[in-house]
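I'd like to walk you through one structure, and I'll start with a single residue before we step back.

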Amino acid sequence: MMARTSKIEWTDRSDWNPIRGCTRVSEGCRHCYAERMAGRFSKPGMWGHGIAERTPAGARWTGRVAMQWDRLDLPMRWRKPAMIFASSTADWFHESLTIDEIATLYAMAVSATVERGHTIQILTKRAARMRELLNSDEFWRLVAHRRCDWAWSAFHYDAASPPTRIWLGISAEDQQRADERIPHLLATPAAVRFVSCEPLLGPIQFDPLWLRASPSTVAASGRLPSDAPGWTRIGMNALDWVICGGESGPHARPMHPQWARGLRDQCAAAGVPFFFKQWGAWGNGSDFAADAMAVTSDGRVVEPTSDSLAAADRAAPIGNATMMHCVGKARAGRLLDGREHNEMPEVAR
Ligand code: SF4
């Protein structure tokens, strides 16, 4: 296995970026790192020109998404098999990309897995478009054509056994986005399905049907996921992996520890691998010297005085405010209740 070059803890490399540009879709995009970087380099002649611009409110995507053709075949040039997070700074299922462009990306991903033994991790917030395309015969015909164009080995797609080394994931920062996107993910053919709850901005309760149906859960409920109305196409599909992380960077919002613990405990109960990536900028622990602020269980930051806490509790009487400290990602670390959680799907190794 190659040495890791990515700073993202759950992958080996995140430097395959064959597209540039995006647009915000939900609250998790509010402090998008990629948008900030593109805005910083958006002057004429710089790589971000045309895809982002500086505004009085900060960097903003323009909506243009551009293929980086010179970077498309990078994974074919990397000879040591690696776990590759594809396009960590964009979204493969962005509405500005044509079906042909996405098929081209996908064909390269298939080639990288087959010819080089890489594993490709694709993460999207456009779950509906991913589901639509990856269930479309036309899309897979285009993927096969691209592979033939490149004169690599023939590719025959079989929906019953999708490419084994392509993992598909969706981002879900809160309950609403989990409810919207996870059913699309489960209805998409994939060898491995994962959810990245980063930046986690609220508690998420998984539907038990989304988690792998262990013999005990099936016995307890007396039914399989495919029995549920509207889930007939999903069958036994379930989540294979859950990643959790807090927000970092300027204006980062805190992740209440109970939200992270909730994900951890649901995964443990269902036997789903759980990866705790980071706290983000806000740490939870008594060993930080920085001024403590109180974070309510709905994510608001309030002065830790009895008056402000009482007011916060009246506004959202859910209690459980906790002290947190904005100390930066490095110091906040990645221990949850004193230990790291680095679980991966079994197929990973
Ligand atoms: S989808 Fe990802 S890359 Fe696009 S704006 Fe949102 S956070 Fe940024």
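Let's begin with Trp-69, which is exposed, with a relative accessible area of 52%. The cut-off for exposed is over 50%, so at 52% Trp-69 falls on the exposed side. You'll find Trp-69 in the loop between strand E5 (66-67) and helix H2 (74-77). Its C-alpha atom is separated by 8.2 Å from that of Ile-19, and the two residues are 50 apart along the chain.

Please keep in mind that this is a predicted model.

Now the whole chain. It holds 10 helices and 15 strands. Of its 349 residues, 53% count as buried. If we take the contacts with a separation of 6 or more, 77% of them come from residues 24 or more positions apart.

On to the ligand. Which residues are around it? They are Cys-22, Thr-23, Arg-24, Cys-29, Cys-32, Trp-61, Lys-125 and Arg-126. The space that the ligand takes is the largest pocket.

Next, please look at helix H4, residues 127-134. Its buried residues are Ala-127, Arg-129, Met-130, Leu-133 and Leu-134. Looking down the axis of H4, these buried residues fall within an arc of 160°, so they line one face of the helix. And what covers them?

I'll finish with some backbone geometry. As background, most residues other than glycine have a negative phi, and most peptide bonds are trans.

Here, the peptide bond from Glu-198 to Pro-199 is cis, with omega near 0°. Pro-199 sits in the loop between strand E9 (192-197) and helix H7 (215-221).

Then there is His-251, not a glycine, yet with a positive phi of about 65°. This histidine lies in the loop between strand E10 (241-245) and helix H8 (257-270). Is His-251 buried or exposed? His-251 counts as exposed, at 66% relative accessibility.

Finally, Asp-337 also has a positive phi, near 50°. Asp-337 is located in the segment after helix H10 (329-332). With a relative accessible area of 45%, Asp-337 is partly exposed.

That's my tour, and I'm happy to go back to any of these spots on the screen.

Technical notes: Residues numbered from 1 in each chain as written. Predicted model: local features only at pLDDT ≥ 70, side-chain atom pairs only at ≥ 80, totals over all residues. Heavy atoms only, no water. Buried < 20%, exposed > 50% of the residue type's maximum accessible area, 1.4 Å probe, protein only. Helix = DSSP H or I, 4+ residues; strand = E, 2+ residues; numbered from the N terminus. Arc of directions from axis to C-beta. Near = heavy atom within 4 Å. 1 Å grid on protein atoms, 1.4 Å probe; cavity = no way out; pocket = protein on both sides within 12 Å on 5 of 7 lines; lining within 4 Å. Sits in = over half its atoms within 2 Å of the grid points. Contact = heavy atoms within 4.5 Å.
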